[in-house]
Amino acid sequence: MSTEVKRVFTALAVLLLVALTATGTATAADGDAPSAGQRIANALRTSPVYVDEAYATAVPPSRQRQLADRIRRTGLPIKVVLMPLTRGDAFDGDSDVLAATVRDRLPQRPDLVLITSDSDFPDSLRGYEWPADTHQTRKAVAAAGFLDETRDAGLADLTAKAVDLVAEGKGEQRWEEATKDLASPRERAERASGGTGEWLWPLIGVPALALTVLATRAALLRSRRPSPPVSELVFATARAADEAQVRRRAEAEVLALGEAARAADVATTPGLQQALDAYAAAGRVLDEARGLPDLAGALALAQEGRDALSGSSGLPLCFFNPLHGRSALRTGWRPLGRRDRLDVAVCRTCADALRDRRAPEVLTDTDQDGRTVPYFEVPAGRSAWAATGYGSLATPSAGLGGVR
Ligand SMILES: [Zn+2]
């Protein structure tokens, strides 16, 4: 796990402690995030737009006022924080920390949409909202950067577009539309294959699309140099992109769990301790994650924590591939070479595959001989995920006791 993420966990852990001990006075987090966060929060009381001096030329006061008017017209609780983020600064150069800190310092209200500078990509924006996904903010803000009209737009115009898209409330659809082009016209794919980082980031969060583009890209690469075999290349590249995307998602889920646990009322949340345990375990798993199976484990733990908080006992993630998301039903399944049937929770697609006697698409892992096998075929003593089936056979956190 990256240093920044570790620090986010540290900061969140501290925040959690503060919340739980109810001291109220946050002397807390690393660095001077609280005071910097407080300064921004104070500024946001008078205008929904905060622009750091470093961006005063790109977004001058007149544009700030226009943005503020635009936001007011939406009637939504949107706030904008534009500032350069650099490792070692008050937020450790991480927009997640910035967002969480600012939100914490704002007068508490149930809903908030925050559009901030993106720490990973300069001149880009990132969207946050509480409660999660009410306005499809994350995708809406991400989509804003991928429209033809914003290709050469300055920060002010980009922010205005992001506000519009959040207000429109169709972020998912806009994102699909904005990034679809990246995969289809060959000319774009070619342009995309020229750079390394820049073209990849819009694909984070859209693995299927990523695969399409990667396939195109791999084909282009093949035309230039003969090795390695394209199928391997596609597989390896897709897997790397997949892993980065899943890691990011897992980090976001775990952070969200921390947020939710922090916001939970100790008196009325009997599952709080279990949630905190799952949160701590998920942080450790992320910290030591060596690949997709571990990252999926962090997702499963985050899910366990969320369920503990809400007191719901929803089905766990899909047994065959937890990256499929939460299961739709439980079903009996007999593993190859075994007599007994296992009771496993599966997603709709995997259920359909089983019904049609097709093999479900399984998450693979590496066994002790270095072979790639379905993760559940790794001996349970060596893998918490094989032992628990990511929640189908035992709670994910229960599996960690024995193995780690
Ligand atoms: Zn599935």
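Helices (H or I, at least four residues) and strands (E, at least two) are DSSP runs, numbered from the N terminus. With that in hand, let's explore this predicted model.

**Exercise 1.** Find where Pro-131 sits, and describe the peptide bond that joins Trp-130 and Pro-131.

*Solution.* Start with the place: Pro-131 lies in the loop between strand E4 (125–130) and helix H5 (137–144). Next, look at the bond: omega is about -10°, and the peptide bond is cis. For context, most peptide bonds are trans.

**Exercise 2.** Which residues coordinate the zinc ion, and what is the arrangement of the donor atoms?

*Solution.* Step one, list the donors: Cys-318 (SG), His-324 (ND1), Cys-347 (SG) and Cys-350 (SG), at 2.1 to 2.3 Å. Step two, see how the donor residues are spaced in sequence: C-x5-H-x22-C-x2-C. Step three, check the angles. Four donors count as tetrahedral if all angles lie between 85 and 135 degrees. Here the angles are 97 to 118°, so the arrangement is tetrahedral.

**Exercise 3.** Arg-357 has a positive phi, and so does Tyr-390. Is Arg-357 buried or exposed, and is Tyr-390 buried or exposed?

*Solution.* Recall first that most residues other than glycine have a negative phi. Arg-357, with phi near 60°, is in the loop between helix H14 (348–355) and strand E7 (364–366). Its relative accessibility is 79%, so Arg-357 is exposed, the cut-off being over 50%. Tyr-390, with phi of about 55°, is in the loop between helix H15 (384–388) and helix H16 (396–403). Tyr-390 has a relative accessible area of 1%, so this residue is buried; the cut-off is under 20%.

Notes. Residues numbered from 1 in each chain as written. Predicted model: local features only at pLDDT ≥ 70, side-chain atom pairs only at ≥ 80, totals over all residues. Heavy atoms only, no water. Donors = N, O, S within 2.8 Å, 3.2 Å for Na, K, Ca; no water. Tetrahedral: all angles 85-135°; square planar, octahedral: opposite > 155°, others 65-115°. Buried < 20%, exposed > 50% of the residue type's maximum accessible area, 1.4 Å probe, protein only.
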